[in-house]
Amino acid sequence: MHEQVALIQDWATHDAEAAAAVAAAYGEAAAALDGNPYEAERILRGFVRRLNALQSEDDYLVEHNRHEDAEEAYFLLAARTDADLDEAREWFDDERDF
């Protein structure tokens, strides 16, 4: 699971703790999907909710170019499943607060 490292490098320069949380969320979601791809919707939605939880009213960790990083991470996870990409896009858009 080396793909997530590139996605969080920029995050680490802003907030190492948040970057570690993102890496953990990604790793846990990847492991869950690999173990049970039939739960794709629940796992993918949960990943986005975890990203949402990193934000507070005064500190938006998922902003600007990080939106693209978060989206890329999400679709790398979705690619581990047989989920329809249009449906997966709806799950992402439904859940994200960024």
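Does arginine 89 count as buried, partly exposed or exposed, and at what relative accessibility? In this predicted model, arginine 89 counts as partly exposed because its relative accessibility is 29%. Arginine 89 forms a salt bridge with glutamate 71, with the closest N and O atoms 2.4 Å apart. This pair links distant parts of the chain, since arginine 89 lies in helix α5 and glutamate 71 in helix α4, 18 residues apart. Glutamate 71, at 25% relative accessibility, likewise counts as partly exposed.

| Pair | Closest N to O distance |
|---|---|
| Arginine 89 and glutamate 71 | 2.4 Å |
| Arginine 45 and glutamate 41 | 2.9 Å |

Arginine 45 counts as buried at 16% relative accessibility, whereas glutamate 41 is partly exposed at 36%. Glu41, Arg45, Arg49, Asp94 and Glu95 are linked in a network of salt bridges.

Helix α3 covers residues 40–53, and its 14 residues should span 20 Å at 1.5 Å a residue, which agrees with the 20 Å between its end C-alpha atoms. Among its buried residues are Ile43, Leu44, Phe47 and Leu51.

Elsewhere, Asp84, Asp86, Glu87 and Glu90 form a negative surface patch. Aspartate 84 is found in the loop between α4 and α5, and it counts as partly exposed at 43% relative accessibility.

Definitions and conventions: Residues are numbered from 1 along each chain as its sequence is written. This is a predicted model: local features need pLDDT of at least 70, side-chain atom pairs count only at pLDDT 80 or more; totals for chains, interfaces and linings use all residues. Side-chain values use heavy atoms; hydrogens and water are left out. Helices (H or I, at least four residues) and strands (E, at least two) are DSSP runs, numbered from the N terminus. The expected span of a helix is 1.5 Å times one less than its number of residues. Buried means under 20% relative accessible area, exposed over 50%, partly exposed in between (1.4 Å probe, protein chains only). Patches are made of residues with over 30% relative accessible area and no salt bridge: like charges are joined within 9 Å, nonpolar side chains (Val, Leu, Ile, Met, Phe, Trp, Tyr) within 5 Å. Accessible areas come from the Shrake-Rupley method with a 1.4 Å probe; for residues, only the protein chains shown count as cover. A salt bridge is a side-chain nitrogen of Lys or Arg within 4 Å of a carboxyl oxygen of Asp or Glu. Lys and Arg count as positive and Asp and Glu as negative; His and the chain ends are not counted. The place of a charge is taken as NZ of Lys, CZ of Arg, CG of Asp or CD of Glu.
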